[in-house]
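Thanks for asking me to look this over.

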Amino acid sequence: MMSLFKARATTAEAEEKCKRNPNRIRDHLANERTYLSWMRSAIALMGFGVLIVRIRILRPPLAPQPPGNGWKLGLAFAIVGLLAVLLSTQHYFAVRDDIEEDTYEPPDRWVILSSLAILMLGAGVIYYVFTVPLEMNAVLIE
């Protein structure tokens, strides 16, 4: 008898949660799409980091070049990609809980944080591209 009462109470609680937010399922699906978008961005960042490092390694054998600092930029991209994975996973679960509690408020900090990270990485790429001597660029192209 007690388990039947608990089952009915649980069903009533679930119905009450659905009544609070009629768009709950759509909100959860949008949260999941956002999470997957962050995952794609993180993978792209890590891939771009590897690409930057590999471009320096795949130079022609007759073009002697110092190791340079390209690996640092590639490492920065990879680290930002890994941080994006961790932060987006944490954000996904926080938003999921807020949707369930019907208390979601969009935070500005993630937009600002990700924008600053991409701005810094972009500035690093621009600096790296324009500080490589032109002779090295000509040898790499040939």
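1. The lining of the largest pocket is made up of 20 nonpolar, 8 polar and 3 charged residues. In that count, Ala, Val, Leu, Ile, Met, Phe, Trp, Tyr, Cys and Pro are nonpolar, Asp, Glu, Lys and Arg are charged, and the others, Gly among them, are polar. Please keep in mind that this is a predicted model: local features need pLDDT of at least 70, side-chain atom pairs count only at pLDDT 80 or more, and totals for chains, interfaces and linings use all residues. Residues are numbered from 1 along each chain as its sequence is written, and side-chain values use heavy atoms, with hydrogens and water left out.

2. The volume of the largest pocket is about 620 Å³. A pocket here is an open set of points on a 1 Å grid over the protein atoms alone, where a 1.4 Å probe fits, with protein on both sides within 12 Å along at least five of seven lines; lining residues have an atom within 4 Å of a point. The volume is the space filled by probe spheres set on the points, which are joined across faces, edges and corners. Of the 31 lining residues, W38, S88, H91, W110 and V111 are the closest to the centre of the pocket.

3. Which helices supply the lining of the largest pocket? At least two residues each come from α2 (24-57), α3 (70-101) and α4 (109-131), and α3 gives the most, with 10 residues. Helices are DSSP runs (H or I, at least four residues) and strands are runs of E (at least two), numbered from the N terminus. The chain has 5 helices and 0 strands.

4. H91 deserves a look, as a residue of helix α3. H91 counts as buried because its relative accessibility is 18%; buried means under 20% relative accessible area, exposed over 50%, and partly exposed in between (1.4 Å probe, protein chains only). Leaving out residues up to four places away in sequence, H91 touches P107 and W110, where contact means heavy atoms within 4.5 Å. W110 is itself one of the buried residues of α4, along with L121, G124 and Y128.

5. A94 is also found in α3. Is A94 buried or partly exposed? A94 counts as partly exposed because its relative accessibility is 30%. Its C-alpha atom is separated by 9.1 Å from that of Y104, 10 residues apart along the chain.

6. Now for the packing. The largest nonpolar core has 7 residues, namely L45, I52, L73, F77, V80, L121 and Y128. Such a core is a set of buried Ala, Val, Leu, Ile, Met, Phe, Trp, Tyr and Cys residues joined through side-chain atoms within 4.5 Å. Two or more of its residues come from each of α2, α3 and α4, and the largest share, 3 residues, comes from α3. Setting aside its neighbours within four places in sequence, V80 is in contact with L45, A117 and L121.

7. On helix geometry, the ends of α3 are 46 Å apart between C-alpha atoms, which agrees with the 46 Å that its 32 residues should span at 1.5 Å a residue. The expected span is 1.5 Å times one less than the number of residues. α4, with 23 residues, reaches 33 Å from its first C-alpha to its last, close to the 33 Å expected. After α3 comes D102, whose phi is positive, near 60°.

8. Finally, the whole chain: 21% of its 142 residues count as buried. Of the contacts between residues at least 6 apart in sequence, 77% join residues at least 24 apart.
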